[in-house]
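Here are my notes for a colleague who is new to this structure. Please read them with the structure open beside you.

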Amino acid sequence: TAQWRQEHGVGMGSWEKANLGKYVDSQYGYTESASQEQVGPKFLRITDIQDGVVNWDSVPFCKISDNDFERYAVSQNDIMIARTGATTGKSYLIVDDVKAVFASYLIRIKVKSAQLQPRYLYSFMQSQIYWDQITEFSAGIAQPGVNAKKLKEIILPIPSVPEQTEIVHILDDLLAKEQPAKEAAEGVLGQIDLIKKAILARAFRGELGTNDPSEESAVELLKVIV
């Protein structure tokens, strides 16, 4: 956002580095067994978060009292973080208006300060700066994990709210272009794979040859490579 700062007369001095705990509250999730029967609200678990997306139609349900539901109900702009296992640190921003609670292996981060935008924080949690700190917290532990206290120790750069909004806007534009590019690349890779298979099939049928009779047979070359 260097150009944005120049246009708005804002300097890097407006940025702050602070511990996450200064801006958020945290809470561990609810302990209960998941059920495929509609016995209560949706029960969000770590495994329901795949590639930054939750398919709410496939999320199971759970039994819960009215009092506990009030305590554990998810709200838009809540950020869920996996606190144990191979997915430690993985995060998800609640964007849907859904009747659900979150499971005990998740930590909920709820922004309590108007100086930090939830979408900016969620974007930060996809960055290498965030993941380096998560890795450091988990170092030397047999079972990777992070607790709420450690999460609050994470240091993050915090610009002014207008600049946070601009950063999120820029990232949204970039990510919108990423998916078509990814799909196009995957399509090309698929075509290359088909070409390779066709060439190999012809080679092993003895149908590949060269224009120069002095060159070694392609079949023999493939035998060396394989």
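1. Start with Q133. Q133 is buried, because its relative accessible area is 15% and buried means under 20% (exposed is over 50%, partly exposed lies in between, with a 1.4 Å probe and protein chains only). Q133 sits in helix α4, residues 128-138. Contact here means heavy atoms within 4.5 Å. Beyond its neighbours within four places in sequence, Q133 is in contact with F124, E153, I154 and I155.

2. A word on the basis of these notes. The model is predicted, so local features need pLDDT of at least 70 and side-chain atom pairs count only at pLDDT 80 or more, while totals for chains, interfaces and linings use all residues. Residues are numbered from 1 along each chain as its sequence is written, and side-chain values use heavy atoms, with hydrogens and water left out.

3. Now the overall picture. The protein has seven helices and ten strands. These are DSSP runs numbered from the N terminus: helices are H or I with at least four residues, strands are E with at least two. Of the 226 residues in the protein, 36% are buried. Take the contacts between residues at least 6 apart in sequence: 71% of them join residues at least 24 apart. The protein exposes about 13,900 Å², and carbon and sulfur atoms supply 53% of it. Accessible areas come from the Shrake-Rupley method with a 1.4 Å probe; for residues, only the protein chains shown count as cover.

4. Look next at T88. T88 lies in the loop between β6 (79-82) and β7. Is T88 buried or exposed? T88 counts as buried, because its relative accessibility is 6%. Its side chain reaches the backbone oxygen of G85 at 2.7 Å. That is a polar contact: a pair of N or O atoms within 3.5 Å, where within protein one must be able to donate a hydrogen and the other to accept it, and residues adjacent in sequence count only if both atoms are side-chain atoms. Not counting residues up to four places away in sequence, T88 touches A82, R83, W131, I134, S138, P144, G145 and V146.

5. K42 is in strand β3, residues 42-44. At 14% relative accessibility, K42 is counted as buried. Which backbone oxygen does the side chain of K42 reach? The side chain of K42 reaches that of W56, at 2.9 Å. Outside four places in sequence, the contacts of K42 include D57, V59, P60 and F61, and also K99, A100 and V101. K42 and A73 are 31 residues apart in sequence, with 9.5 Å between their C-alpha atoms.

6. A148 belongs to helix α5, residues 148-153. A148 is buried, with a relative accessible area of 9%. Leaving aside neighbours within four places in sequence, A148 is in contact with S26, Y28 and I107. A148 and L106 are 42 residues apart in sequence and 9.9 Å apart in space, C-alpha to C-alpha.

7. Two backbone angles call for a look. Most residues other than glycine have a negative phi. D51 is not a glycine, yet has a positive phi of about 55°. D51 is in the loop between β4 (49-50) and β5, and is exposed, with a relative accessible area of 78%. N77, also not a glycine, has a positive phi of about 80°. N77 lies in the loop between α2 (66-72) and β6. N77 is partly exposed, at 39% relative accessible area.

8. Finally, the pockets. A pocket is an open set of points on a 1 Å grid over the protein atoms alone, where a 1.4 Å probe fits, with protein on both sides within 12 Å along at least five of seven lines; lining residues have an atom within 4 Å of a point. The largest pocket has a volume of about 450 Å³. It is lined by 17 residues, with Y122, S123, Q126, D172 and L175 nearest its centre. Helix α6 gives the most to this lining, seven residues. The second largest pocket has a volume of about 170 Å³. Its lining includes D51 and Y122.

Conventions
Points joined across faces, edges and corners; volume = space filled by probe spheres on them.
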